[in-house]
Amino acid sequence: MTRPIGASAALALSLVAAQLSWADEMDWETKRDRDGIQVFTSAVAGSPYDAVRSTMTIASSLSALVALVLDTEACPEWADLCAESNVFETVSETEFYVYTLNDVPWPVSDRDATTHVVWTQDPETLEVTMTATLVTGKRPKRRRTVRLAEGTTGWSFQPLGNGEVRITSSAHLEPGGAVPGWLSNRLLVDSPFTTMQRMRDLITSGRYDDAQFDWVSEP
């Protein structure tokens with residue numbers, strides 16, 4: 001069942017589509033295909049750092065997946081390297097500002113970030129999309145950390161029918177400071193792969209089965 005889309009929702013949908021269009025235009029190369037999870041990387045014009053995309057298909061409601069990502073306190077349970085995450089400013093039920101602290105292996109300094117998060121749902125396909133754009137000036141940097149200041153990450157939950165959803169995560173970040181090759185490889189391949197595995201474990205545990213949102217229509 002679809003619902004009429006208002007002017008503000010249409011504007012948000014256009015914003016998210018524009019911010020994530022870079023991911024659809026990339027020349028993705030498969031780096032890992034295992035356990036039902038695929039991880040891809042792609043060079044980014046004008047940047048020394050690659051973008052990464054990971055995807056898998058699981059049985060889930062759209063609302064359960066949204067609830068998991070919105071549960072910032074659970075971030076350390078499933079998002080690899082995440083040590084802390086919290087919403088520090090709420091604009092609406094689908095727009096937030098989020099602070100995240102990433103516990104990066106020694107000897108590299110931990111990274112923290114503030115992001116502008118926007119959620120939308122396509123009224124025709126029912127695909128749910130989240131985009132998180134790094135912003136500055138919203139919250140002071142944590143001591144002894146490096147502030148991530150440039151980049152975009154996103155989630156897409158695409159209903160396929162028969163209760164299955166294709167989950168896609170895309171990201172391109174400028175890490176700031178020197179990052180050794182072994183860590184760069186972890187961030188681009190191991191980290192998104194582990195994140196997908198843990199995400200699947202939490203969804204199949206049933207923790208978010210009862211989640212419902214007024215702005216999410218289920219197939």
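Buried here means under 20% relative accessible area, exposed means over 50%, and partly exposed lies in between (1.4 Å probe, protein chains only). Helices (H or I, at least four residues) and strands (E, at least two) are DSSP runs, numbered from the N terminus. This is a predicted model, in which local features need pLDDT of at least 70, side-chain atom pairs count only at pLDDT 80 or more, and totals for chains, interfaces and linings use all residues. Residues are numbered from 1 along each chain as its sequence is written, and side-chain values use heavy atoms, with hydrogens and water left out.

Start with helix H2, residues 62-70. Eight of its nine residues are buried, so H2 is largely enclosed by the rest of the structure. The buried residues are Leu 62, Ser 63, Ala 64, Leu 65, Val 66, Ala 67, Leu 68 and Val 69. An α-helix has 3.6 residues a turn, so residues three or four places apart point the same way.

Two strands pair if DSSP finds at least two bridges between them. Strand E1 (residues 29-34) runs antiparallel to E2, and five bridges join them. Within this pairing, Thr 30 has Phe 40 of E2 as its bridge partner. E1 and E2 form a hairpin with two residues between them. Asp 35, in the turn, has a positive phi of about 60°. On to strand E3 (residues 51-59): six bridges join E2 to E3, and the two run antiparallel. Here Val 39 stands opposite Ser 54 in E3. What is the setting of E2 (residues 37-42) in the structure? Five of its six residues are buried, so E2 is largely enclosed by the rest of the structure. In a regular strand the side chains alternate between the two faces of the sheet.

Thr 168 is found in strand E10 (residues 164-173). Thr 168 is buried, with a relative accessible area of 15%.

Rings of Phe, Tyr and Trp (its six-membered ring) pair if their centres lie within 6.5 Å; planes under 30 degrees apart count as stacked, over 60 as edge-to-face and the rest as tilted. The count comes to six aromatic pairs. Phe 88 and Tyr 97 make a tilted pair, 6.3 Å centre to centre with 45° between the planes. Phe 88 is partly exposed at 26% relative accessible area, whereas Tyr 97 is buried at 13%. Phe 213 and Trp 215 are also tilted, at 6.2 Å centre to centre and 50° between the planes. Phe 213 is partly exposed at 23%; Trp 215 is buried at 9%. Ring pairs link Trp 78, Trp 119, Trp 155, Phe 157, Phe 213 and Trp 215 into a cluster.

Some rings also carry a charge. A charge sits over a ring if NZ of Lys or CZ of Arg is within 6 Å of the ring centre and within 35 degrees of the ring normal. Lys 138 lies over the face of Tyr 97, 4.2 Å from the ring centre. The charged end of Arg 139 sits over the ring of Tyr 99, at 4.2 Å from its centre.

Now the disulfide, a pair of cysteine sulfur atoms within 2.5 Å. The count comes to one. Cys 75 is joined to Cys 82, S to S 2.1 Å. Why is this disulfide right-handed? Because the torsion about the S-S bond of Cys 75 and Cys 82 is about 130°. Both ends are buried: Cys 75 has a relative accessible area of 11%, and Cys 82 has 8%.

Two loop residues close the tour. Arg 144 is found in the loop between strand E7 (128-135) and strand E8 (145-147). Its phi is near 65°, a positive value in a residue other than glycine. Arg 144 is exposed, at 72% relative accessibility. Asn 162 is found in the loop between strand E9 (151-161) and E10. Phi of Asn 162 is near 60°, again positive in a residue other than glycine. Asn 162 is exposed, with a relative accessible area of 84%.
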